[in-house]
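Below is a short briefing on one protein chain. Look over the sequence and the model before reading the points that follow.

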Amino acid sequence: MHGAPRGKELLERLLAGVPDGESPLTYTATVAAKQAETTDWPAWAPEPLVSALQRSGVSQPWTHQARAAELAHQGEHVVVATGTASGKSLAYQLPVLAGLLDDRRATALYLSPTKALGADQLRAAAGLQLDGVRAAAYDGDTPLAERDWVRAHARWVFTNPDMLHHGVLAQHGRWSAFLRRLRYVVVDECHAYRGVFGSHVALLLRRLRRIAARYGADPTVLCASATVADPAASASRLSGVDCVAVTEDGSPHGERTVALWEPPLLDELAGENDAPIRRSAGAEAARMLADLVVEGARTLVFVRSRRGAELTALSAQRALSDVDPRLGFRVAAYRAGYLPEERRALERALDSGELRGVASTNALELGVDIAGLDAVVVAGYPGTRASFWQQAGRAGRAGGSALVVFVARDDPLDTYLAHHGEALLGASIEATVLDPANPYVLRPQLACAAAELPLTDACVDELGGQAAVAVVEELVAEGALRRRSTGWFWTSPRQRPHHDVDIRGSGGMQVAVVEAETGRMLGTVDPGSACSTVHPGALYLHRGESFVVDELDLDESVALVHAEDPEWNTQARSSADITVVLTVESHRSGGVGVALGEVEVTSKVVGYLRRLPSGQVLDSVELDLPVSTLRTRAVWYTVGEDMLATAGLDPADLPGALHAAEHAAIGLLPLVATCDRGDIGGVSTALHADTGEPTVFVHDGHPGGAGFADRGYAALIPWLRATREAIAACECHAGCPSCVQSPKCGNGNDPLHKAGAVIVLDIVLGALCRAGQ
C-alpha cells in the first residue's frame, strides 16, 4: 500500500504512550536492504522452459537458483539453504523440468512434509503449461480411479512421506515403469524432517534409492532447506547421499527493523506458588495488530496455537471497532484446515489491501504465497530459528522497509532470546536433529525394506550400519526374517508390515480421539504421549474447535471427548525417576562430570493445571494414571558436593538449585537442537544412585532417542551458558515461568532455588571451560 510508514516509524508508533523507564523493548537491529543478484539462464535450459518461466514473471534467475540448478544438472546431489521468499522452488524446477523436456521418458518425484505445500508446488509446475510434463498429485486425497493413471502416465509425481511409504514402496512393482526412469528426487522443506519423523524419512529415502537401483535408476537428490547450521551435513544425513550446499542468497529484500519485546510482569496477577507472571504474548500481539492496522500497515501475526490465533484476531477486531467500525472487518484469523480456495482468497485479500491484518498459526509457514508485508509480529518463539525466519521473512518489500517484532512468552527460551538478539540475528547454532540409527525406528523400517526386496549385507550397512545388523539379528531370532545365501528374506510375503508402521510417531497402537456423541474420529495421538495430552479433563484442539476429554481407555486405545469451549487451557504434570543403563561417552573435569548414554525413565502423569490465557492458575486436578517406562537417550552432568560447598551453596538449597537448573536447561535445549520442549524431559536429584553425586539429567521423550540429547551433549557449553544467562536475565526474585518454573513439573515447581541454579551452572561451565571441552 502506497505511503505506508517505514519499519522504524511503525516501531515508534507501537512504543507511543509507554512510560519512560518501562519500555518492553530489549533489543533492536536493522537488517539492511539487499539488491537482487541475477545471472543468465543456463545454456542447457530448453527454450520452451525459459519462455514459460519468463511469462510467469521470472525474467532472470537469481545466482543461488542458477548455482543449485547447475549442480543438479551435472548430477550432484544438492541442498539449497536460503531465506524465506528466496525462490528455492526455481532452483529445483529448472533442472527437473529441463530433464523432463530433454528426455521424454524421464520421471521425477517431489516430497513435501504437508499436502498444502505439495499442492502449491504442483499448481506452480502445472501453471507453466509445458507439453508432456504431466505433473500430478499422489496423496491421500487422490481418488482411487486417478491413482492408476498417475502410476501409468505421470512424469512428475508430487507426494509426501506417508504415501511414499504406503503407496509407492509397499507396492513398487506397480511403479516399476516410473521408478526405472527416475532421474530426480526433490525433498522440499527438508529442515522440517527432524526427530523421530525425520529419522523415519531418512530411512524412507534410503529405501527409495535402494528400490530405484533395483530397477536401474540412480536419481539425483535436490533438497530445499531454511537456513540451519551445516545444511550440507543435515541434508546428507537425511538423504543418505553426500549433498553440496548452496547458501549464498541472491534474492532481494527490503530493509527490516527487528525488535525484541518482553512483556512486563503484572502486579495484579500471580501464578503458581505466587510467582509473578507476564502479560501474555497473545494479548500483547493483539494490541500491536490493532495499532499497526490503524497505521495502514499490512500485518501478519504468528501465534503458536489455533485458539490463540483466533483470540488474537478477535481481540484486535474489538479494539479496531472502537476506533472505526469498518476496520474490524479488515482483520481475520487463519489456521490449518482451510481449503486451497480459502487460502487463495486470503492471499488476494491481503495483497489487495482488503484485509490489513491476519493472525495465524504456523499454517502460513508452508505453502502460502504471502510476502512483502509491512509488519510481522511473532508471538512466542516458534520452536526453531528456521521457523522464526520463515515467519519474519514475510516482511519487507523490495524498495521499502518493514518491521519484525518478536514478543517473548513466559518461557526460559523466549527470555533468553529477548535479551540476546545475536542468537536470532547472528550465525545459526541450531542443527536439524535426527537419528536414523535409532533401533525403534530401524526395526520397522528394516522389516518393510525386507518385505520390499531381500536385504543384503551392503544394504543393511547402508540402512544403519552396526545398529542395523543388531536389529536384523533380532528379527531373524523372532522368525520375521530368514537368512539365505543371497540375503535376508521376509517370511510372510502375504502380510506386509507397512500398514503397522507409524512414520510420524514412535510406534505402538495410536490412541484414537473420538467425539462420544457422534462417533466422529477427530485424530490420533502417540501412545507415549496419550496420558499427557488426552488425559481425563484435558483440553483437546482440532482444527480450531475445542473439546474436553471425558475418558481415556488405554486398553482400547481410545479417548472420548465432548465439544466445549472453556476459557481455560490445561497442562499435564508428571513425575519421573531415571536409571542409567549404559554410559556411551563421558568426560570429567575436576569435580564436574558430563555424560551421554542410554537410560530408563519411569514416569507418571500425576495431574494437570487449568490456566487462564493470562497465565493465572485456576486449580490443580489430581489424576490416577498408569506408570510408563521409556528406554531412551540422555545427557547429564554431576557436580561434586565439595565444589558446591566451596561456592557457598547451602546443602538445604541444593535440591531446589538442581531442580531449577534442570527446568531451565529443558527450556533452552531447543536453542541448539530442533526440538520442542515437549520432545524432552528431565530429572534432577541431590544424590543419584547410579552416579553417587548431585545430578541433572535431560532426556529424549521418544523410545530409543531422537538425537536431541546427543545434540545437547555436543553443544553442552553454548546450551548451558544460554541456560545460565536466561535465569540471570529474568528480573523476578525467586523464579517464575520465564526462567525456572516448568508447566509440566509434577512436584508443583517446589523446591526451586533460582540463585542456586546460577551457582550450579557457574561451577559446571567454569570446570568445562578450564578443561577446554
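Helix α10, residues 231-239, is mostly covered, with seven of its nine residues buried. The model is a predicted one. The points below start with this helix, then turn to a group of aromatic rings and to the chain as a whole.

**Helix α10**

- The buried residues of α10 are Pro231, Ala232, Ser234, Ala235, Ser236, Leu238 and Ser239.

**Aromatic rings**

- The structure holds 10 aromatic pairs.
- One of them is formed by Tyr110 and Phe158, whose ring centres are 4.8 Å apart.
- The planes of these two rings make an angle of 35 degrees, and the pair is tilted. The reason for that label is that planes under 30 degrees apart count as stacked and those over 60 as edge-to-face, with the rest called tilted.
- Tyr110 belongs to strand β3 (residues 107-111) and Phe158 to strand β5 (residues 156-159), so their pair ties together parts that are 48 residues apart in sequence.
- Are the two partners buried or exposed? Tyr110 is buried, with a relative accessible area of 0%. Phe158 is buried as well, with a value of 3%. Both count as buried because the cut-off is under 20% relative accessible area.
- Tyr110 and Phe158 also belong to one aromatic cluster, together with Tyr92 and Trp156.

**The whole chain**

- The chain contains 24 helices and 29 strands.
- Its radius of gyration is 26 Å, close to the 28 Å that the globule rule gives for 773 residues, so the chain is as compact as a globular protein of that length.
- Along its principal axes, the C-alpha trace spans about 75 × 70 × 60 Å.
- Of the 773 residues in the chain, 57% are buried.
- Among contacts with a separation of 6 or more, 73% are between residues 24 or more positions apart.

**Surface and charge**

- The chain exposes about 30,600 Å², and carbon and sulfur atoms supply 49% of this area.
- There are 69 positive and 94 negative side chains in the chain.
- The centres of these two sets of charges lie 8 Å apart.

Note on methods:
Residues are numbered from 1 along each chain as its sequence is written. This is a predicted model: local features need pLDDT of at least 70, side-chain atom pairs count only at pLDDT 80 or more; totals for chains, interfaces and linings use all residues. Side-chain values use heavy atoms; hydrogens and water are left out. Helices (H or I, at least four residues) and strands (E, at least two) are DSSP runs, numbered from the N terminus. The radius of gyration is taken over C-alpha atoms; the globule rule is 2.2 Å times the number of residues to the power 0.38. Buried means under 20% relative accessible area, exposed over 50%, partly exposed in between (1.4 Å probe, protein chains only). Contact means heavy atoms within 4.5 Å. Accessible areas come from the Shrake-Rupley method with a 1.4 Å probe; for residues, only the protein chains shown count as cover. Lys and Arg count as positive and Asp and Glu as negative; His and the chain ends are not counted. The place of a charge is taken as NZ of Lys, CZ of Arg, CG of Asp or CD of Glu. Rings of Phe, Tyr and Trp (its six-membered ring) pair if their centres lie within 6.5 Å; planes under 30 degrees apart count as stacked, over 60 as edge-to-face and the rest as tilted.
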